[in-house]
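This briefing concerns a predicted model.

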Amino acid sequence: MTRILVTINLKNGVHDPQAEAVQHALHDMGFDKLTSMTMGKQMVLEIDEEDHQKAITMAEDMCRQLLANTVLERFEAQVLS
């Protein structure tokens, strides 16, 4: 069993209205030192595969086919255990 952490974020230059709204709210709450933020998503995949490189390849295929919108998002997969 291999645990893979997948992190998905918007590509550079893609407008992130959710992050902008949260950033403005934090500024309104007094967190004026915050200069920038992005938001994304993370997931942990448990893959029944002992070969870590094969598990990474499977996770990347899952991202390309379903988990990430590769037109707007970039993803990274790394082994946790």
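Lys41 is partly exposed, with a relative accessible area of 36%, and its side chain meets that of Glu73 in a salt bridge, at 3.7 Å from N to O. This pair joins distant parts of the chain, since Lys41 lies in strand S2 and Glu73 in strand S3, 32 residues apart. Glu73, by contrast, is buried, at 14% relative accessible area.

**Salt bridges**

- The structure holds three salt bridges.
- Glu46 and Arg3 form one of them through their side chains, with an N to O distance of 3.4 Å; Glu46 belongs to strand S2 and Arg3 to strand S1, and 43 residues separate the two.
- Glu46 is exposed, with a relative accessible area of 52%, whereas Arg3 is partly exposed at 33%.
- Arg64 is bridged to Asp61, the closest N and O atoms being 3.3 Å apart.
- Because Arg64 and Asp61 are three residues apart in helix H2, about one helical turn separates them.
- Arg64 is partly exposed, with a relative accessible area of 48%, and Asp61 is also partly exposed, at 34%.

**Helix H2**

- Helix H2 (residues 52-67) spans only 20 Å between its end C-alpha atoms, whereas a straight helix of 16 residues would span 22 Å at 1.5 Å a residue.
- The residues Ala55, Ile56, Ala59 and Cys63 of H2 are buried; they cover an arc of only 100° around the axis and therefore lie on the same side of the helix.
- The buried residues of H2 pack against S1, strand S2 (40-47) and strand S3 (73-79).
- Gln53 and Gln65 are exposed and sit on the face of H2 turned away from its buried side.
- At the start of H2, a side-chain oxygen of Asp51 comes to within 2.9 Å of the backbone nitrogen of Gln53.

**Helix H1**

- H1 has twelve residues and reaches 16 Å from its first C-alpha to its last, close to the 16 Å expected at 1.5 Å a residue.
- Gly30, which follows H1, has a positive phi near 100°.

- Asp16 lies in the loop between strand S1 (2-10) and helix H1 (17-28).
- Asp16 is buried but has no salt bridge, and the nearest side chain of opposite charge, Arg74, is 8.6 Å away.
- Beyond its neighbours within four places in sequence, Asp16 contacts Leu10, Thr38 and Met39.
- Glu49 is located in the loop between S2 and H2.
- Glu49 is likewise buried without a salt bridge, Lys54 being the nearest side chain of opposite charge at 5.0 Å.
- Leaving out residues up to four places away in sequence, Glu49 touches Met1, Thr2, Lys54, Ala55 and Met58.

Definitions and conventions:
Residues are numbered from 1 along each chain as its sequence is written. This is a predicted model: local features need pLDDT of at least 70, side-chain atom pairs count only at pLDDT 80 or more; totals for chains, interfaces and linings use all residues. Side-chain values use heavy atoms; hydrogens and water are left out. Helices (H or I, at least four residues) and strands (E, at least two) are DSSP runs, numbered from the N terminus. Buried means under 20% relative accessible area, exposed over 50%, partly exposed in between (1.4 Å probe, protein chains only). Lys and Arg count as positive and Asp and Glu as negative; His and the chain ends are not counted. A salt bridge is a side-chain nitrogen of Lys or Arg within 4 Å of a carboxyl oxygen of Asp or Glu. Contact means heavy atoms within 4.5 Å. The expected span of a helix is 1.5 Å times one less than its number of residues. The arc is that of the directions from the helix axis to the C-beta atoms. A polar contact is a pair of N or O atoms within 3.5 Å; within protein, one must be able to donate a hydrogen and the other to accept it, and residues adjacent in sequence count only if both atoms are side-chain atoms.
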